[in-house]
Amino acid sequence: MSKRDKPPSSELASAAEVLDAQLRRFESLADQFRRAPLNSEKSLERASKLLRDVAEQDGVLNESVSALVAAVAKTRDRQQKEADSVNAHAQYLQQRAETFKVLLERYGALGQSAAELNQRMQEFAAQRSQEQSEERNAALLSSLDGLQERMGQVADEARAVVDQAEAQDFADVGRQAESLRQQILSARNKLGLLRKGIGAP
């Protein structure tokens, strides 16, 4: 990455860089002051000048330390704000996962009801294939009526699952429940036609 492409330093990094540079200058001036000869008027004046420079640089260094402390505090506040936001979203994630679990349980129960209907339809088909008589037709109609009633109940359950899924913004589950509901209603309509064929009034 070229210097031109290098992203700008953060406030914290900039403050740390400035403090580091100011500290190096302070150490250099202090070292020069300690090493300065003190054996002539000129050297004494030069040492006094270095001492003033050290004191001035010490003040600058203190300002840089304060700036870094402020940048650290601001960084801590930013971190805390992000952490609070993440925690809040994590709680929302947990809530959504629990809502989805409940919805899946309802959809699973719906699947079991559909399997039950399928079994009952097979039993109905087996009854219908037997030799017909007035007594058998009456039993067949009774079985058909019970099956149609149960189909209506399961279709209503599927509608409730669809509504819940849409209200809670789980479109995939809603589409699956609606598809199952349509299949049940279609089968129920076909049974209605069979009922007429059996000779019901």
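Colleague: Why are helix 1 and helix 2 called roughly antiparallel to each other?

Modeller: In this predicted model, the axes of helix 1 (residues 11–35) and helix 2 (residues 41–129) cross at roughly 160°. Angles run from 0 to 180 degrees between N-to-C directions, on axes fitted to C-alpha atoms over the stretch in contact. Over 145 degrees counts as roughly antiparallel. Helix 1 and helix 2 are therefore roughly antiparallel. Their axes come within 8 Å.

Colleague: What makes a run of residues a helix?

Modeller: A helix is a DSSP run of H or I, at least four residues, numbered from the N terminus. Residues are numbered from 1 along each chain as its sequence is written, side-chain values use heavy atoms, and hydrogens and water are left out. Because the model is predicted, local features need pLDDT of at least 70 and side-chain atom pairs count only at pLDDT 80 or more, while totals for chains, interfaces and linings use all residues.

Colleague: What is the handedness of the crossing of helix 2 and helix 3?

Modeller: Left-handed. The term applies if the near helix is turned anticlockwise from the far one by less than a right angle. Helix 1 also passes helix 2 in a left-handed crossing.

Colleague: How do you know how helix 2 runs relative to helix 3?

Modeller: Helix 2 and helix 3 pack at an angle of about 160°, with axes 10 Å apart. That makes helix 2 roughly antiparallel to helix 3. Their contact residues divide into 15 nonpolar, five polar and six charged. Here Ala, Val, Leu, Ile, Met, Phe, Trp, Tyr, Cys and Pro count as nonpolar, Asp, Glu, Lys and Arg as charged, and the others, Gly among them, as polar.

Colleague: Which residues touch the most other members of the largest nonpolar core?

Modeller: Leu110, Met151 and Ile184, out of 22 residues. Helix 2, helix 3 (134–167) and helix 4 (171–198) each supply at least two residues of this core. Helix 3 gives the largest share, 10 residues.

Colleague: What makes a set of residues a nonpolar core?

Modeller: Its members are buried Ala, Val, Leu, Ile, Met, Phe, Trp, Tyr and Cys residues, joined through side-chain atoms within 4.5 Å. Buried means under 20% relative accessible area, with a 1.4 Å probe and protein chains only.

Colleague: What does threonine 99 touch?

Modeller: Gln168 and Phe170, not counting residues up to four places away in sequence. Contact means heavy atoms within 4.5 Å. Threonine 99 itself lies in helix 2.

How values were computed
Angles under 35 degrees count as roughly parallel, over 145 as roughly antiparallel, 65 to 115 as roughly perpendicular and the rest as oblique. Buried means under 20% relative accessible area, exposed over 50%, partly exposed in between (1.4 Å probe, protein chains only).
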